[in-house]
Structure formats: structure tokens, C-alpha cells
Amino acid sequence: MKKLLISIGILSALSMGFVAMNAYRRVHNTSFGPGEHLEYRVHYGFINAAEAVVDVSPTLYKVNERPCYRVNVDARTLGAFDLVTRIRDTWRSYIDTSAILPQKFYTNLQENSYRKEENITFNHEANTVKAEERTEKDIFKVPDNVHDLISGYYFLRTIDFSKLSSGQVIEVPAFYDDTVYNMKVRYRGKDVVKTKQGKINVIKLNPVLPQNKLIKEEESIRIFVSDDANKVPIKVEVDFFVGSMEMDLKRDGGLKQPLRYYK
């Protein structure tokens with residue numbers, strides 16, 4: 001009888017361990033929800049170069065039997081830039097509402113003559129992703145709680161930056177273009193930025209990127225997000241070896257709370 005009880009206890013512990021390993025995390029989110037709408041204008045010097053629209057669908061979707069936010073990001077070049085480099089890109093992520101993890105990721109890239117369309121499905125229990133349209137090398141192993149490029153940004157919006165010290169780095173694993181990346185963002189404290197709507201309190205972030213031929217140094221990309229519950233990007237500045245680019249929030253709607261500008 002004793003051996004039977006021990007065996008049942010071991011099986012129970014193993015079973016509980018199995019459930020724990022496959023259980024989804026829960027992330028407290030008060031920063032965004034259905035119906036959020038953001039419009040951005042991209043400037044290269046004094047030239048309007050592009051625009052981007054970020055929408056969280058007002059409707060939830062069920063993917064892999066999990067309720068999800070559907071987030072669309074559409075970007076396109078404008079004016080003279082459209083004549084030189086024509087871009088019509090769409091990224092779409094289905095983000096688990098409780099775990100803030102991607103269940104499916106879609107890309108449709110049209111950049112001059114380049115074309116790419118792909119659906120990626122995430123299996124967080126098996127730690128794999130599957131490229132749906134492929135016939136060869138269609139399944140990839142990924143780490144726990146891996147993100148796509150969009151869901152990684154939305155996960156960052158759930159972080160309580162008041163608990164971080166200036167210079168601290170946040171790391172998030174992400175999968176894109178058949179590769180696992182360790183996305184790193186450095187918290188740089190707080191600041192105030194001027195916009196056409198007025199001044200606004202912001203949190204300063206610097207993506208930590210490997211050395212490359214486009215960006216000067218680590219602090220060449222500066223992201224300023226609203227210092228409130230929303231944590232919405234208000235401005236992005238990028239210094240290239242040749243010139244600089246700015247992206248500014250042009251219009252917003254459906255936020256958890258109104259943005260607070262002041263004179």
C-alpha cells in the first residue's frame with residue numbers, strides 16, 4: 001500500500017510538473033486593448049517620407065483555441081520617397097490576451113520588386129513555430145515565451161518601468177525571418193518631448209543593436225513612449241551614417257486613457 005501511495009505521489013508530481021511546463025504565463029495588462037488606433041508620420045530631414053498605421057481590432061479572435069488581439073501594422077512610403085523606394089508593407093500579429101504572446105504572425109512585404117508573404121504559427125507548448133506555406137524547413141525550435149516583432153513591442157508596454165534603474169536592459173526572445181533574436185532594450189530614464197499637440201512626459205528607451213552599416217552607435221535609435229498607463233510611442237529618432245529620421249505620433253484613438261499634453 002505504501003509503495004502504491006508513493007507511486008501515485010510521484011505520478012501526481014510529474015503530472016503537475018508537466019502541466020506547469022505547458023501552462024501559459026499570465027501578464028497583467030492595463031496599457032492597451034481592442035480598438036486602439038495610432039497613426040505615425042515619418043520624416044527624413046524636412047521630407048515626409050512615409051506613414052504607418054497601427055490598429056488593434058475592436059474584435060477579439062480565437063487562434064489555437066486562445067482569445068487574441070489582432071494587431072495590424074501598415075506602412076507605406078510617400079511623395080518623392082515613393083518614386084525612389086516604393087514600400088507597401090503589412091505585418092499582422094494575433095496576440096494572446098492573457099499571456100501577451102503571439103499565436104500567429106503574418107507578413108506581406110512589397111518593397112520595389114521584392115515580394116514576401118508568409119504565415120507563421122506559434123506552438124508555445126512545444127516551443128516551435130511553423131511556416132505554413134513551406135514544404136521544406138517549415139518548423140523551427142524557439143525558446144520559451146518567444147515573440148514576433150509586433151508582440152514583443154506590446155509586451156514591453158506591459159512593463160512597469162518605475163521599477164527599473166536607468167541603464168537597465170530588458171531582453172525578449174523573438175523569431176523573425178527563420179531566426180531567433182534576443183531583442184534588447186535599454187531603459188534611459190524619463191524626459192519631456194515637444195510635439196505639435198504640446199509637451200508630454202515620456203520614458204526614454206534605446207534598442208540595443210549589433211554593429212551594422214546603417215546605424216552609428218547603440219544610442220542612435222531613441223524611442224520616447226508616453227509616461228502613463230498607455231506607454232504609446234510618441235516619437236522615434238534614428239541617426240544613420242547619412243542623415244537622420246524621425247517618426248512622430250500624428251493621431252490616436254481608443255487609448256486606455258487620453259494622452260496628457262501641456263504647454
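The lining of the second largest pocket holds seven charged, four polar and two nonpolar residues. The model is predicted, and the mean pLDDT of the protein chain is 88.

**Second largest pocket**

- The volume of the second largest pocket is about 290 Å³.
- Lining this pocket are 13 residues, of which His43, Lys196, Asp248, Leu249 and Lys250 are the closest to its centre.
- Two or more lining residues come from each of strand S1 (37–44), strand S11 (179–195), strand S14 (233–239) and strand S15 (244–253).
- S15 gives the largest share of the lining, with four residues.

**Model confidence**

- A pLDDT of 70 or more is reached by 87% of the residues, and the chain mean is 88.
- Residues 1–21 have a pLDDT below 50.

- Phenylalanine 32 sits in the loop between helix H1 (2–22) and S1, while tyrosine 154 belongs to helix H3 (residues 149–156). The pair thus links distant parts of the chain, 122 residues apart.
- Phenylalanine 32 counts as buried because its relative accessible area is 1%, under the 20% cut-off.
- Tyrosine 154 is likewise buried, because its relative accessible area is 0%.
- Phe32 and Tyr154 also belong to one aromatic cluster together with Tyr69 and Tyr153.

**Aromatic pair Phe140 and Phe175**

- Phenylalanine 140 and phenylalanine 175 form a tilted pair, with 5.4 Å from centre to centre and 50 degrees between the planes.
- Because phenylalanine 140 is in strand S9 (residues 139–141) and phenylalanine 175 is in strand S10 (residues 169–176), their pairing ties together parts of the chain 35 residues apart in sequence.
- Phenylalanine 140 and phenylalanine 175 are both buried.

Methods:
Residues are numbered from 1 along each chain as its sequence is written. This is a predicted model: local features need pLDDT of at least 70, side-chain atom pairs count only at pLDDT 80 or more; totals for chains, interfaces and linings use all residues. Side-chain values use heavy atoms; hydrogens and water are left out. On a 1 Å grid over the protein atoms alone, a cavity is a set of points where a 1.4 Å probe fits but cannot get out, and a pocket is an open set with protein on both sides within 12 Å along at least five of seven lines; lining residues have an atom within 4 Å of a point. Grid points are joined across faces, edges and corners, and a volume is the space filled by probe spheres set on the points. Ala, Val, Leu, Ile, Met, Phe, Trp, Tyr, Cys and Pro count as nonpolar, Asp, Glu, Lys and Arg as charged, and the others, Gly among them, as polar. pLDDT is the predictor's confidence in each residue, from 0 to 100. Contact means heavy atoms within 4.5 Å. Buried means under 20% relative accessible area, exposed over 50%, partly exposed in between (1.4 Å probe, protein chains only). Rings of Phe, Tyr and Trp (its six-membered ring) pair if their centres lie within 6.5 Å; planes under 30 degrees apart count as stacked, over 60 as edge-to-face and the rest as tilted.
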